[in-house]
Amino acid sequence: MNQKKLIPHQGDRIVCVKVGKVHRESFYEMARKYWVMKLERAEKATHVLAIIDGIVDTVYIPNKWYYSKDTGKEHKLEFDGEEDPNSDYIGKSVTSFYGKSQNPVKYINM
């Protein structure tokens with residue numbers, strides 16, 4: 001299936017996070033936590049895109065980023081946010097932004 005490429009809207013600062021296909025907990029919980037990022041950079045994001053197989057599955061508007069309080073994960077970031085179920089980013093391909101990168105986090109316009 002040929003997916004349309006994601007084209008960021010002007011002014012949007014996006015963090016893409018690759019999440020697994022196997023739901024071990026709620027999808028929101030899988031998307032929002034345990035990311036290795038710099039807090040100062042993450043706080044600039046206007047959108048967080050949850051990616052499965054190179055395609056935007058869900059879009060979140062982050063309200064707050066912070067370091068995890070979970071044991072052993074204190075160096076990783078989490079966010080609190082709201083889902084944007086009407087985002088036109090949903091279903092778009094981000095593979096061109098990742099290239100051959102294995103990093104689960106990708107920044108767009110940041």
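Visitor: What makes Tyr34 count as partly exposed?

Guide: This is a predicted model, and in it Tyr34 has a relative accessibility of 25%. Buried means under 20% and exposed means over 50%, so Tyr34 falls in between and counts as partly exposed. Tyr34 is found in strand 2.

Visitor: Where is Asn109, and is it buried, exposed or partly exposed?

Guide: Asn109 sits in the segment after strand 6. Its relative accessibility is 47%. With buried under 20% and exposed over 50%, Asn109 therefore counts as partly exposed.

Visitor: Let's turn to the sheet. In what order do its strands lie?

Guide: Six strands form an open sheet, and their order is 2-5-4-3-1-6. The pairing is mixed.

Visitor: Why are strand 2 and strand 6 called the edge strands?

Guide: Strand 2 (33-35) and strand 6 (105-108) each pair on one side only. On average, neighbouring strands of this sheet are turned by 40° against each other, direction ignored.

Visitor: How do you know that strand 1 and strand 3 pair?

Guide: Two strands pair if there are at least two bridges between them. Strand 1 (residues 14-18) and strand 3 (residues 47-52) have five bridges, in the parallel sense, so they meet that condition. Along this pairing, Ile14 stands opposite His47 in strand 3, and Val15 stands opposite Val48.

Visitor: In what sense does strand 1 pair with strand 6?

Guide: Strand 1 and strand 6 pair in the antiparallel sense, over four bridges. Val15 takes part here too, standing opposite Tyr107 in strand 6.

Visitor: What makes strand 1 mostly covered?

Guide: Four of the five residues of strand 1 are buried.

Visitor: Now for the rings. How many aromatic pairs does a search of the whole structure find?

Guide: The search finds four aromatic pairs. One of them joins Tyr28 and Phe79, with ring centres 6.3 Å apart and planes at 90°.

Visitor: Why is the pair of Tyr28 and Phe79 called edge-to-face?

Guide: Rings pair if their centres lie within 6.5 Å, and planes over 60 degrees apart count as edge-to-face. The centres of Tyr28 and Phe79 are 6.3 Å apart, which meets the distance limit, and their planes are at 90°, so the pair is edge-to-face. Tyr28 lies in helix 1 (residues 27-32) and Phe79 in strand 5 (residues 77-83), so the pair ties together parts that are 51 residues apart in sequence.

Visitor: Are these two residues buried or exposed, or something in between?

Guide: Tyr28 has 24% relative accessibility and counts as partly exposed. Phe79, with a relative accessible area of 0%, is buried.

Visitor: And why is the pair of Tyr60 and Phe79 called tilted?

Guide: Planes under 30 degrees apart count as stacked and those over 60 as edge-to-face, with the rest tilted. The planes of Tyr60 and Phe79 are at 55° and their centres 6.0 Å apart, so this pair is tilted. Tyr60 lies in strand 4 (residues 55-67) and Phe79 in strand 5, so parts that are 19 residues apart in sequence are tied together. Tyr60 is buried, with a relative accessible area of 3%. Tyr28, Tyr60, Trp65 and Phe79 form one aromatic cluster.

Visitor: How do you know that the charged end of Lys18 sits over the ring of Tyr98?

Guide: The charge has to be within 6 Å of the ring centre and within 35 degrees of the ring normal. The charged end of Lys18 is 4.4 Å from the centre of the Tyr98 ring and sits over it. Lys5 lies over the face of Phe97, at 5.8 Å from the ring centre.

Visitor: What makes Thr58 count as buried?

Guide: Its relative accessibility is 6%, and buried means under 20%, so Thr58 counts as buried. Thr58 is found in strand 4, and a polar contact of 2.7 Å joins its side chain to that of Asp57.

Key:
Residues are numbered from 1 along each chain as its sequence is written. This is a predicted model: local features need pLDDT of at least 70, side-chain atom pairs count only at pLDDT 80 or more; totals for chains, interfaces and linings use all residues. Side-chain values use heavy atoms; hydrogens and water are left out. Helices (H or I, at least four residues) and strands (E, at least two) are DSSP runs, numbered from the N terminus. Axes are lines fitted to C-alpha atoms, for helices over the stretch in contact, and angles run from 0 to 180 degrees between N-to-C directions. Buried means under 20% relative accessible area, exposed over 50%, partly exposed in between (1.4 Å probe, protein chains only). A polar contact is a pair of N or O atoms within 3.5 Å; within protein, one must be able to donate a hydrogen and the other to accept it, and residues adjacent in sequence count only if both atoms are side-chain atoms.
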